[in-house]
Amino acid sequence: MASVMTTVYVSVVFTTVIVLCSTVTHSLTVGVEYLSRLIEVQDRERAPASVQVSAARAVLDRFIPSHSSSFEFKIITKAQCGGVSCFIISNHPSSNLPGAPEIIISGVTGVELLSGLHWYLKNLCGAHISWDKTGGSQLSSVPKAGSLPRMKDDGLLIQRPIPWNYYQNAVTSSYTFAWWDWERWEKEIDWMALQGINMPLAFTGQEAIWQKVFQKFNISSTDLNDFFGGPAFLAWSRMANLHGWGGPLPQSWLDQQLAMQKKILARMYELGMTPVLPAFSGNVPAALKNVYPSAKIIRLGNWFTVDSNPRWCCTYLLDATDPLFIEIGKSFIQEQVKEYGRSTHIYNCDTFDENTPPTDDPEYISSLAAAIFNAMQSGDNDAVWLMQGWLFAYDPYWRPTQMQALLHAVPIGKMIVLDLFAEVNPIWTTSNQFYGVPYIWCMLHNFAGNVEMYGYLDSVGSGPVEARISNNSTMVGVGMSMEGIEQNPVVYDLMSEMAFQHNKIGVKKWVDSYPTRRYGKFVPSLQEAWNILYHTVYNCTDGAYDKNRDVIVAFPDVDPTVYFTNLVSKINSLNDEDESFDKPHLWYSTSEVIRALQLFIEGGKELSSSNTYRYDLVDLTRQALAKYANVLFVDIIEAYESRDGYGVARLSEKFLDLVDDMDTLLASHEGFLLGPWLESSKQLAVNKEQMKQYEWNARTQITMWFDNTEEEASLLRDYGNKYWSGLLKDYYGPRAAIYFRYLKESLVMGERFSLQGWRREWIKLTNEWQDGRNVYPIKSDGDTFSISQALFNKYLCDSGISDH
């Protein structure tokens, strides 16, 4: 079987090479030409070749130590690559000697070397690289050292069609990275390099820098206690959405995270990456008003608090036209360079992210943007402003005139925009390529780290290429800008490949090869199952983004009669603006996905030892059961509307049994456990008080998220919901039980459903759970295959579920 696979993968690779080589003479985009000076400066300042080779070898040793001696790495120049970044894979000249390296990989940077290693393992050895939580990497198909597949002819040249491969969203730092130690960060940087990512955000530790900067402006550490948010809410504190929530930050946290940032940056630089540092957006502590009473400081509006509580809401913004703005912005850039020893000259700044400017006057917007850039440039003469383009998709305020006023206030070539949600809602197509400003085509894909099988693979496989080859393209990179990682590995496997693809991918053919790589062997039923998944869950073409609102994890806070009236006949429709709750999103045939699950179970006997298979089996079973629960909930509401007390009791008991069963399922794989999230938060604490604070942060983000009253839930409730074992059993299940109890009492008493009563008890449950200290497992328990098979037979086999 190994020799057959090798032949197939060699064929695939060399078909690709012919296509890629035919594009070598194509000119770069206009956007790349605009940024040519920056690229020259970055190339000149990159780490020495010996440092990058050593860093790449260290990744190889950690990733596949059994093959450490099989590969040799060599840094080459762009001139040797045809003037762009590339990697070259060829047979080692001494490969016929015992113990000698078999393959030599040459590349412009350490990232290129590791991208070449990934390409070789993926396409010639049938390997698959994934996060540990999503099953880890499948390397069992890689032949033993000494018998690796040889390259044909003179080897393989793969050029980047576009310079940058961007990674992260401004909020990933809170939804995923909040509690990481160095061991986890090191794994992620290894993963980035293997995926070809060369432009990651580097936001860790910035609060310690801000503390040093604000001290220069007579703001004490105490003054910052209600400025910084807690560890799980720092992303929104940084973006001026909130202040103080979950805080204050202890000095130990500030020092700890700054030390972590220095290790993160050092490793990124060693690998030849271009980490992006933060810049000043105008977000300032309230105390600055007292120190500088004549400064132009405005208070922003309410961002999702329930009652505009000034303890958390309505942050302060220093007007960019005030002379103090440039002073603070300059100081922040300089302090970072001083602390870290260097920068790559690209700085992220997102002003008015989900906060509307006070006026739509184009002159005001231009002066604001010019001042923001001047502050950057005052601290670094080579500074380039990187901004998320989310505001253009989120806020109707940004009409063409306002967009151009912002974008054209900065010299062309000194700003890069992230087209943050391009796989669903591309802005480049409606803004004449961002009115001439360079941009990066990004796949947002995931919101809040929700657990949901979802994606649009065809868009990922073609969108970046369509943007790059369009007339007068200003595209300069591709990117992954998800809010939370460690989910849907197939989507990220395909997207990372687009950094090196010159032509659109035939996604159907690509998906056909995926399960063999993912599981390490060819299993016919899995091939058929993935063909179904490609046409269903991974073919979301309705234009809606998936912010998971399945009933179990996002229980409707609504009167059952209202729910019945608005939802029963159209459970899969998109949200209507006049509705008070979000409906579950369903964009595919549930019966087809149940058939895919059946095929997964049929193939289980051949893959029982595969961790990647176990993860996918749990995820697919969870997906099918979650959609079944949505239908079951509607049945409960229908029984209530029919005044069928027995039906409500019977069906609600079945719903709660389902939640318990799903908790058992999720407990069988470590990728679906609550315990690691909570325990990792406590590991960063230095005393019991911090442990309590950090755990409260971790629990609150995934439940109520933001503030609430005794009778009014947070406006962001369940936004960060998770299908995690422990959370279902101890929170989602008990919450549903309260609702069902009120349904039954309403029928028995002949009274209206007590929405206020339900809310009070639910909010009380939530507050108590957020303050809880019960410990959850960090290791999986149970036989995934047996549990999935049993739940399929119990709930889905001959269930009569209709498609909605």
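Guide: A disulfide is a pair of cysteine sulfur atoms within 2.5 Å. This is a predicted model, where local features need pLDDT of at least 70, side-chain atom pairs count only at pLDDT 80 or more, and totals for chains, interfaces and linings use all residues. Residues are numbered from 1 along each chain as its sequence is written, and side-chain values use heavy atoms, with hydrogens and water left out.

Visitor: What pattern do the disulfides follow?
Guide: The structure holds two disulfides, and with bonded cysteines counted along the chain the pattern is 1-2, 3-4.

Visitor: Why is the link of Cys-81 to Cys-86 called a disulfide?
Guide: The S to S distance is 1.9 Å, and the cut-off is 2.5 Å, so the pair qualifies.

Visitor: What makes the disulfide of Cys-81 and Cys-86 left-handed or right-handed?
Guide: The torsion about the S-S bond is about -60 degrees, so this disulfide is left-handed.

Visitor: How do you know that Cys-313 and Cys-314 are joined?
Guide: Their sulfur atoms lie 2.2 Å apart, which is within 2.5 Å, so the pair is a disulfide. Its torsion is about -55 degrees, so the disulfide of Cys-313 and Cys-314 is left-handed as well.

Visitor: Why is Cys-314 called buried?
Guide: Buried means under 20% relative accessible area, exposed over 50%, and partly exposed in between (1.4 Å probe, protein chains only). Cys-314 has 14% relative accessibility, so it counts as buried. Cys-313, at 1%, is buried too.

Visitor: Is Cys-797 buried, exposed or partly exposed, and why?
Guide: Cys-797 has 35% relative accessibility, so it counts as partly exposed. Cys-125, in contrast, is buried at 2%.
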